[in-house]
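Here's a quick briefing on the fold and its charged pairs. Have the structure open while you read.

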Amino acid sequence: MRHRQVLAVATVALFGLSGCADRPNDLDTYYDDPTPTPTVEPAQPSVKPQAAPVPPPSTQAPVPAAVSAALLTDEDVAEEEVVPGESKVSGCLTGLTRGTSRSTAWSYPSGSTLEHQVTEYTDRDAADVVAQADCEGKKLTLTKQTGVEAQRAWCEGTTCTVLLAKGKLVSALSVTAGTEARATDAAKRLLPIVAQRLRSV
């Protein structure tokens, strides 16, 4: 009886060992580390040193002193009771901007506007520019001013424009009012002042 029990235990132990031998997990390799994956450092972007920004060349020519000197000032138009306004070169004045120019503008309490522009021509005489000017509207006859080489004036609707020339400078006065008569009256009042500015250059 005791022999049979020993045999049975031996048989169970044998089958148990056989079962362990069939396990797919081998302890010799079970705890081995997996094949290490080489670590690749991310490539650093190539940064090129940037040169200091070069400022763009100035596209505006300096305004000649003669142009600034011939331009009307706030004091010149003080009796007109105007305030500084936005310069809007338009109408007859648009054809006078081929040279170096500067303009200024004012507004009347009534809403009328006054604009003055002085242009310097280095390649031609100002008298030729005024003589060849072809402005819209009817010609306006104003008192001839002394000390200027050419003078012409036009009224188109309620806008009156006067051109004066001396040397290389063209002085252009433009007045827009509620009526043509008011624009003409303002041009007559301001014409001697514009001429005086031009003569002083």
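R189 comes out as partly exposed, at 45% relative accessibility. Keep in mind that this is a predicted model.

**Salt bridges**

- Side chains of opposite charge can pair when their charged atoms come close.
- Searching the whole structure turns up four salt bridges; the pairs below are among them.
- R189 and E80 have their closest N and O atoms 2.8 Å apart. E80 is buried, with 11% relative accessible area.
- R197 pairs with D76, also as a salt bridge, at 2.8 Å from N to O. R197 belongs to helix α5, while D76 is in the loop between α3 (65–70) and β1, so this link ties together parts that are 121 residues apart in sequence.
- R197 is partly exposed, its relative accessible area being 24%.
- D125 and K168 form a salt bridge too, with 3.4 Å between the closest N and O atoms. Here D125 is in the loop between β3 and α4 (126–132) and K168 in the loop between β6 and β7, so the parts tied together are 43 residues apart in sequence.
- D125 is partly exposed at 39% relative accessible area, and K168 is partly exposed at 34%.

**The sheet**

- Seven strands make up an open sheet, in the order β1-β2-β3-β7-β6-β5-β4, with antiparallel pairing.
- The edges are held by β1 (83–84) and β4 (138–139); each has a single partner strand, so one side of each has no neighbour in the sheet.
- Look for β3 (residues 113–120) alongside β7 (residues 169–176): the two pair in the antiparallel sense over eight bridges. To get your bearings in β7, find S174, the bridge partner of E115.
- Helix α5 (residues 180–199) packs on the sheet, where it touches β3, β4, β5 (150–156), β6 (159–166) and β7. The direction of helix α5 makes about 15° with that of β6.

- Q117 is part of strand β3. Is Q117 buried or exposed? Its relative accessible area is 2%, so Q117 counts as buried.
- The side chain of Q117 makes a polar contact of 3.4 Å with the side chain of T119.

How values were computed. Residues are numbered from 1 along each chain as its sequence is written. This is a predicted model: local features need pLDDT of at least 70, side-chain atom pairs count only at pLDDT 80 or more; totals for chains, interfaces and linings use all residues. Side-chain values use heavy atoms; hydrogens and water are left out. Two strands pair if DSSP finds at least two bridges between them. Helices (H or I, at least four residues) and strands (E, at least two) are DSSP runs, numbered from the N terminus. Contact means heavy atoms within 4.5 Å. Axes are lines fitted to C-alpha atoms, for helices over the stretch in contact, and angles run from 0 to 180 degrees between N-to-C directions. Buried means under 20% relative accessible area, exposed over 50%, partly exposed in between (1.4 Å probe, protein chains only). A polar contact is a pair of N or O atoms within 3.5 Å; within protein, one must be able to donate a hydrogen and the other to accept it, and residues adjacent in sequence count only if both atoms are side-chain atoms. A salt bridge is a side-chain nitrogen of Lys or Arg within 4 Å of a carboxyl oxygen of Asp or Glu.
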